[in-house]
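Student: I've got a model open and I'd like to learn how to read it. Can you walk me through it?

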Amino acid sequence: MAKKETIRNIAIIAHVDHGKTTLVDAMLKQSGIYRQNQLVTTRVMDSMDLEKERGITIMAKNTAVFFGNVKINIVDTPGHADFGGEVERSLNLVDGALLLVDASEGPLPQTRFVVRKTLERGLPIILVINKIDRADARIGEVLNKVYDLFIDLDASDEQIDMPVLYTNAKAGIAHRDPGDASDTLLPLFETIVKNIPGPDADDTANTQFLVTNLEYDSYVGQIAVGRLIHGTLAMNRSYALCARDEIIKGISFSVLYTFQNLKKAKTDTVAAGDIAAVAGVEDIKIGDTISSLDNPLPLPRIRVDEPTLSMIFYVNTSPFAGRDGTYLTSRHLRERLELETKGNVSIDVRTTDRTDAFEVRGRGELQMAVLIETMRREGYEFLVSKPRVITKTIEGTTCEPVEHIFIDIPEEHIGIVTEKLSQRKGRMTNLVNHGHGRANLEFLIPSRGLIGFRSQFLTDTKGAGIMNAIFQGYEPWFGAIPQRTTGALVADRPGKVTAYASFAMGDRGELFVDVGTSVYEGMIIGERNRGTDLDVNITKEKKLTNMRSSTSEATVTLRPPRRLSLDQSIEFIAEDEVVEVTPRHIRLAKMIYSRNDRTIALRRSRQKAEDEAAAESVTV
């Protein structure tokens, strides 16, 4: 089978913020896709609003540039492990990868994750040490650490013997040797063409097009993106769709695209080995294969790591439901979550015993927070529960997911961080003090122990700590893990927050709401400084009298409230609490709004526990 020397398919992989998207920007500029003096935005591949706001890549995206007569299809992948499903899908499209590593930070946890996935597929890698202009760059040490990582991951000799380039992506410069005369990315383009093989593809073989991504266009409808392994795709020709459980014959395309620069270009035919997109195929899903009509041959379906975290999405039942959102019902919620599963293979949605609640499974809190934020911006209103880990039964033992966390903190905070992690069943596996004021720590900790820890970590380290986590595996259940040690301040009646009542809360805890905010019974308005919840009248007003004094009208100075982001809200809530998400507001509340109903439910749960304990003692 001949290689297509006119095509190169590559993925760009790296840890978060090591410069993947910036390098793609430079490659696009130097490939000549822009007009002279054209205004060009930075990080052009991060097209989602959330990507620009958070400064990370969330969805894998395709582009293509030409170097001479060679078409280079480029897939920009996320660097965060929570979006590992995007990386795993993208690696099905390519024949090699560019591995970007920061010249100062070196390989980090997500670097290990993406490299492991790439090596498992046997793909050749080009190492790109980026940000060589940093004052604290340590190129030689970083290169040795990358080699150590490859050896640790059992890379083959061919994979370890990889070409190495040194780049400043922001300036658009690549060097074969540090400090050589190159002032463009020409060495990078030449290395890609030389060291990444063209795809093994046969235009005359049975057509096999593997769907790896789904997009939506308001004009043509759903678009399936994938790689044409063999054969050809053509307009006005019939094919077979090899779905998970059936083969549907007689499908055809309304539009056929190939990637050129930043756009999809319409075409009549696509040759084997290229990355393309098709529209007009109903109910197509990621992992499906489009094959020849007379002899359909499905390719192996895409498999990704299993979810480790779940949350319950409820229909919004709060007293303020329906004030902001457009999509409110269980039907709306179910259809939106099902749509997410079609384009995101790492998300799994399951029904529950309630018609208004759905269990959503994913990779981590960040992935869940991005989904929730995306839905609220689309006009959805709903409630979400506290994240829970997904357990497995292995050889009759209940096991839970464990994370390997890497921490970089000022050395004066080692004690408090170690204490907090040990309380959450974490065990230290490594500690390195570099002698310049900062230390690196490594822990193995149950995934449960990290829920709600990140905000505490930032507080304990005064914002100077860096923490990264990567899934390690499953270990036997660790037992009870303390989560939030404080209670909540809960509004006991509807109304508006008053300055008088807020001032009275000063010695009871910290408020989350401003004066004048509308609240309802059961809404969490702050964090108590003790371990139990407290129902308060936050709407109480000062009594008016006909007595006057020189100090009665003095202005009261209130401490500003602590405003929680969506991520912080998800981390903060306890098992019996929810986050109310609407297009304009994020509120915290008890699952049971009425104070009396909560008291009755608590009494019943205590009675049930006492009965079970008594029955167990009788049995013994």
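Student: How many salt bridges does the count come to?

Tutor: Side chains of opposite charge can pair when their charged atoms come close. This is a predicted model, and here the count comes to 35 salt bridges. Take Asp102 and Arg134, whose closest N and O atoms are 3.1 Å apart. Asp102 sits in strand β4, while Arg134 is in the loop between β5 and α5, 32 residues apart. Both also belong to a salt-bridge network with Lys131 and Asp136.

Student: Is Asp102 buried or exposed?

Tutor: Asp102 counts as buried because its relative accessibility is 0%. Arg134, at 28%, is partly exposed.

Student: Which residue does Asp533 meet in a salt bridge?

Tutor: Lys590, at 2.5 Å from N to O. Asp533 lies in the loop between β32 and β33 and Lys590 in strand β35, so the pair ties together parts 57 residues apart in sequence. Lys590 is buried at 2% relative accessibility, and Asp533 is partly exposed at 36%.

Student: What is the strand order in the open sheet of eight strands?

Tutor: Strands of a sheet pair through backbone hydrogen bonds, either parallel or antiparallel. Here the order is β12-β11-β17-β8-β9-β16-β13-β14, with antiparallel pairing. β12 and β14 are at the edges with a single partner strand each, so one side of each has no neighbour in the sheet. Strands β13 and β14 pair over four bridges, and Phe259 stands opposite Lys264 in β14.

Student: Where does pLDDT stay under 50?

Tutor: Over residues 38-46. Where pLDDT is low, the predicted coordinates should not be read in detail. The chain averages 84, with 91% of the residues scoring at least 70.

Key: Residues are numbered from 1 along each chain as its sequence is written. This is a predicted model: local features need pLDDT of at least 70, side-chain atom pairs count only at pLDDT 80 or more; totals for chains, interfaces and linings use all residues. Side-chain values use heavy atoms; hydrogens and water are left out. pLDDT is the predictor's confidence in each residue, from 0 to 100. Contact means heavy atoms within 4.5 Å. Two strands pair if DSSP finds at least two bridges between them. Helices (H or I, at least four residues) and strands (E, at least two) are DSSP runs, numbered from the N terminus. A salt bridge is a side-chain nitrogen of Lys or Arg within 4 Å of a carboxyl oxygen of Asp or Glu. Buried means under 20% relative accessible area, exposed over 50%, partly exposed in between (1.4 Å probe, protein chains only).
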